[in-house]
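Subject: Structure handover

Hello,

Here is the structure I promised to pass on. Please open it first, then read the notes below.

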Amino acid sequence: MDAFEFANPTTLTEAIGLLGSNWEDASVFAGGTDLLALLKDDVEETKRLVNIKKIGSLHAVQNVNGGLHIGAAVTIEQLLTASDVRKEFPAIADAAEGIRSPQIRNMGTVGGDLCQRPRCWYYRNGFGLLAQDKDGKSLPAQGDNRYHAVFGNDGAAKFVSPSSLAPAFVALGARLSIEGPKGARETSVEEFFTIPQNEGVREHALSPNEIVSEIIVPGESRGMRSATYEVRHKEGLDWPFATASVALRMKGATVESARVVLGHVAPKPWPAAEVEKWLAGKSINEETATKAGDAAAEGATPMSRNGYKVQLVRVAVKRALLAAAAKGVA
Amino acid sequence: MADYHWPPANHREFIGQRIKRIDGPVKSSGRAKYTYDINRPNMLWGKMATSPYAHAKIRKIDTSAAEGMTGVKAVVSIMNEGDEVLWAGQEIVAVAADTEERAESAAEAVKIDYDPLPHFVSDSDPQTAGSEHTKQLEQRVDGNPDQGFSQADVTNEGRYGIPVITHCCLETHGQATEWDGDNLTVWSTTQNVSGMAGEYASGLKEKGIDIPAANIHVISNYMGGGFGSKFEADTWGIACAMLSKKSGRAVKMMLERDHELMVAGARPSLHGRIKLGAKKDGTLVAWESETYGTGGPTAEGTGHLPYILAVPNASVKHTAVMTNMGPIRAWRAPNHPQMCLVSMSAFEDMAAKLNMDPVAFFKKNLSLAGDRGKTYAEELDKAAELMEWKKKWHPRGQSGTGTIKHGLGVSMHTWGGRGNISNCDVTIHPDGSVETSLGSQDLGTGTRTVINIVTSETLGIPLDLVKVNIGDNKYPPAGASGGSTTVSGVSTSTRRAATDALNQLLDKVAPSLGAPADQLEAGQGKIQVKGNPAKSIPWKQACAKLGATSITGKGATSADLMSSGVGGVQMSEVAVDTETGVVRIVKHVSVQDCGLIIDLKTAESQVYGAAIMGITYALFEEKIMDQPTGRCLNPNMEFYKLAGIGDIGDIVVHMMTGPGYDDRGTIGLGEPPVISPGAAISNAVANAIGVRVPELPLTPDRVLTALGKGGMA
């Protein structure tokens, strides 16, 4: 880790002014649970850390016209304990609970969960995000890909999106507010994530001089039957193998519309669009949930060591649907 | 002739009780100083430049940039131009600077050019590895295997395996070193306090620095785990002392976590095919095994099978595979967990094929376990009772229609554990305080507490009157703590030293009690005429009779107070999610004997800890090597997975004590209870899901593959 400057802005405008036009110029520092390790391990370099924790406006969880407005520097624990998240947006609470340990929930932030870098072990061992050898061949493809992508991996990117909350946000139709030198812009969480095809390109739509300031879960998602199911190996301090976040708009006992979004199986949160369509008009029971899980696994393109994740996708979707259906009436 | 024998059960005040470890408060409050905590005046930080290649020749080393950096005080070469690197992470240059950050930057600034050579890091079979990477270590025939198999009613063949794992010590390897003229002080995290001076003397001599071992002072008061990986000075220890010498300053150099996991210790793998033959009644009659494993660049590991049950007609073949995955070190009960896993899995598969309860199957074959058969039989019964085996067990695979399948597994293990060489001084001061000094070390097992208990028991005084001095090579020399040898070494030498010190004291006290010294006894904080409490003198008053001079009794390891050879039985209950392949430990029962137990509490703690360590390697641990890059992919606590509190289930420990056990004297305990968990858990999973998951760790990937759900299906 090289020496860097540490900046403590108190307003968003000031913070944005401290960022640069290249990723190496400055890094946005919130909980630091990922960034500090990246710097210490020399995976990333920075000339300046811009601490956004002193910016008061980024710390609130607010109910605005029924919608949930979450400041980017809100901690996972704060989100989890915010008054109506567990009851009204269960998919988010489930996902937040999956962030184990308490230490990470206390330090890590919602914005940080979305912007953290992938855990691909080639990337973390210094081989670059796309991890190609000198002939341009993918290291994960020829090496050990047991934790890598089974969807969206036809290009150069083989890593999986590490965000716990993103699939739940996508399922609930959340949007992001992004502040930059030219002011604020908004994008859906779904469109925020991208799959890079060249080294040096990030896995999201942020520019080096922009900051995610707020996540907005729309009022119409309040009270939807939703859930996140994570297939995990260890109870704590471990990444899930595969997750599914689902949100169901019900009409009586049948599904009017559904969102089914997979996590940890593709370089970005991965909506299972065909399953979403198929679920419309169905009621959720063991049989339909199983079929939906099977359908979600269709089209998977596992690599040499990660075929098992396809099965885990089936289970995650099935169990998330059954959990959502069992939750409170919308 | 002094009587050194252990007191009989009805005369024991402390021995065998559950006594809290005496260093618990200093450890839990952070006051205990580990090597990592040592800070000396003007101390420098050491860091190392290491090889990114798993196999390469060093073409050129240029340290000029590093040497010119601010704060850099010394640079020393560990390897030289022309030397061959044999694993990624091998140390090449060490630097010392006035801050940790500057040392790190300087290590990064060392420019090393390599000529990469072909590497081989795969834990693969001998055919895939090729002859240049293999060496046959064992080919043995017992009895007549062909005849044995022809007499068998049933044969079964299976594949089993256990990968390379690391030691993953909580405190990484390292040391602080400081020269004062011709003298060197080393604060080291080591299992070998008394032997470490010689290690440094010879290591430094190789580097052209002559220092007698007598001038080297080694201190290791507290350490965060060794598990067999901390016996030597190591390249970093010698380099650190050289940096100190060159800079004239104290230097601290501890391994980074990634480096620790890459180079500072690993356990060899063991994989292979085992064929068994048995009679219909379960009697084992034939064994055939063809195994292989890797332990790094040299031919290491063993397939000296079968384990525990010496099947009469056996054909055994084992091949070592040499790789660039990094060196191995002794790992808690070297080779036993691996041999146990493959053997007990094969035995349990045979029991399942015969449709026999494995407990009955093992009992049927205990005549093959030598003179420990009776111990295993008693332990099988005790474990079965604690597990409620009879109530819970079902034939393999008959675990109901639900998604979550429960299953039970059993395993047996053995270990030696004879005491090492240990010397002890027990000094009684005129004020009644007592010091017990040994050049031994406490790896975290409770050695201090055990020494305290034996001293107090022998002198008949409260625990807090005794000060235990260990962790320093200026105390009487003691053997390294390896092979579960410490408890017997220190207990028997302390018993003898304390008895001799007491006898000296009794001589002084005898006139005032009007009885000859050999008619006196110590106990309950006083000295009295045997069987006559009316004629007694309190401990402190007795010690006051020493006048101005303290007395010291000396003792050494005593063979007639200890013995060797233990047996253990473990049973595990698991719940397997057959849709996800996730294995959860429901309950794990460890039944263990270790002769006379000095402290029941720390003994039980050893067994709990071993169960957790064993559950960890059964479910999670693997040093994952990557053939394309030659690197370890998981040198971190994120993907080198260790069990947490939520992953270990309900652990039940039972120590075998009483007649038949206590009267054997002390026997070591550190290693045996970590041997069986892999096998017991693997057997429980097979019982639950109806098929064997051949390889540890039992990950969802492997469980689903065994269930035929591993791919797109």
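Please keep in mind throughout that this is a predicted model.

**Helices α9 and α17 of chain B**

α9(B) and α17(B) cross in a right-handed sense. α9 of chain B covers residues 336-353, and α17 of chain B covers residues 677-689. Their axes come within 8 Å and cross at roughly 30°. Angles under 35 degrees count as roughly parallel, so α9(B) is roughly parallel to α17(B).

From α9(B), the contact uses B:Pro337, B:Cys340, B:Leu341, B:Met344, B:Ser345 and B:Glu348. From α17(B), it uses B:Gly678, B:Ala679, B:Ser682, B:Asn683 and B:Ala686. By class, the residues of this contact are six nonpolar, four polar and one charged.

**Helices α6 and α7 of chain B**

How do these two helices, α6(B) and α7(B), lie to each other? Helix α6 (residues 193-206) and helix α7 (residues 234-247) of chain B pack with their axes 10 Å apart, at an angle of about 70°. Angles of 65 to 115 degrees count as roughly perpendicular, so α6(B) and α7(B) are roughly perpendicular to each other.

B:Tyr200, B:Gly203 and B:Leu204 are the α6(B) residues in the contact. They meet B:Gly237, B:Ile238 and B:Ala241 of α7(B). Four residues of this contact are nonpolar and two are polar, with no charged residues.

**The largest nonpolar core**

This core holds 311 residues. Those that touch the most other members are A:Val246, A:Leu262, A:Val313, A:Val317, B:Val95 and B:Val685. Helix α14 of chain A (residues 308-326) gives the largest share of the core, twelve residues.

Take B:Val685 from that list. Residues up to four places away in sequence aside, B:Val685 touches B:Gly407, B:Val574, B:Val576, B:Val583, B:Val693, B:Leu698 and B:Val703.

**Where chain A meets chain B**

On the chain A side, 24 residues are in contact with 27 residues of chain B. Three helices of chain A each supply at least two residues of that side: α8 (121-127), α9 (139-142) and α14. The largest share, five residues, is from α14(A). By class, the chain A side has eleven nonpolar, seven polar and six charged residues.

First, B:Ala56. This residue lies in strand β2 (residues 56-62) of chain B. Is B:Ala56 buried or exposed? There are 24 other C-beta atoms within 10 Å of B:Ala56, so it is buried. B:Ala56 and B:Asp115 are 59 residues apart along the chain, yet their C-alpha atoms are separated by 5.4 Å. Beyond residues up to four places away in sequence, B:Ala56 touches B:Ser51, B:Val85, B:Tyr114, B:Asp115, B:Pro116 and B:Leu117.

Second, A:Ser27. This residue is in strand β2 (residues 27-29) of chain A. A:Ser27 has 23 other C-beta atoms within 10 Å, so it is buried. Neighbours within four places in sequence aside, A:Ser27 is in contact with A:Leu35, A:Thr46, A:Leu49 and A:Val50.

Best wishes

Technical notes: Residues numbered from 1 in each chain as written. Chains lettered and ligands numbered in written order. Predicted model: local features only at pLDDT ≥ 70, side-chain atom pairs only at ≥ 80, totals over all residues. Core = buried A, V, L, I, M, F, W, Y, C linked by C-beta atoms within 7 Å. Buried ≥ 20, exposed ≤ 12 C-beta atoms within 10 Å, placed from the backbone. Helix = DSSP H or I, 4+ residues; strand = E, 2+ residues; numbered from the N terminus. Contact = placed C-beta atoms within 7 Å. Axes fitted to C-alpha atoms, helices over the stretch in contact; angles between N-to-C directions. Parallel < 35°, antiparallel > 145°, perpendicular 65-115°, else oblique. Left-handed = near helix turned anticlockwise from the far one by under 90°. Nonpolar A, V, L, I, M, F, W, Y, C, P; charged D, E, K, R; others polar.
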